Amino acid sequence: ANVVSYIEKHTDEDEKITVWGNWDIIYVLSQRLPATQYSYQSPIGTVDPEIYDEYFAGLAEEDPSLIIVKKDGTEKLMMDFIEEYEYQKVFENVSNVTVEIYRNPQCGEE
């Protein structure tokens, strides 16, 4: 719920986000739309790696306000994207899983 609260507080309903992994409930609970046609990338990206190319091309074009990363050992491609586009870490929750939220530098500060 902390992740959803952060998203609701720091974005408007018309802003798009992306969630790394297979965690579509975040879109539903926060009432935010995914930035690409791929609301989740795992396991479909493992089956067809071209999906990752389409996903990251869509992200670069759409410029999501927030990127939510649920660390599961598969996030290297996403972390490379975050670094390349200079997203800034604005939230971290470490419990049974680590979740980090990164803000688009184009969006300014809250």
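User: Why does Lys 89 count as partly exposed?

Analyst: Buried means under 20% relative accessible area, exposed over 50%, and partly exposed in between (1.4 Å probe, protein chains only). Lys 89 has 43% relative accessibility, so Lys 89 counts as partly exposed. This is a predicted model: local features need pLDDT of at least 70, side-chain atom pairs count only at pLDDT 80 or more, and totals for chains, interfaces and linings use all residues. Residues are numbered from 1 along each chain as its sequence is written, and side-chain values use heavy atoms, with hydrogens and water left out.

User: What makes Lys 89 and Glu 100 a salt bridge?

Analyst: A salt bridge is a side-chain nitrogen of Lys or Arg within 4 Å of a carboxyl oxygen of Asp or Glu. For Lys 89 and Glu 100, the N to O value is 3.3 Å. The pair links distant parts of the chain, with Lys 89 in strand β3 (residues 88–94) and Glu 100 in strand β4 (residues 98–103). Strands are DSSP runs (E, at least two residues), helices likewise (H or I, at least four), numbered from the N terminus.

User: Is Glu 100 buried or exposed?

Analyst: Glu 100 has 4% relative accessibility, so Glu 100 counts as buried.

User: Which residues share one salt-bridge network?

Analyst: Lys 71, Lys 89, Glu 92 and Glu 100 are joined by salt bridges that share partners.

User: How many residues apart in sequence are the parts tied together by Glu 62 and Lys 16?

Analyst: Their side chains meet in a salt bridge at 3.9 Å, N to O. Glu 62 lies in helix α4 and Lys 16 in the loop between α1 and β1, so the pair ties together parts that are 46 residues apart in sequence.
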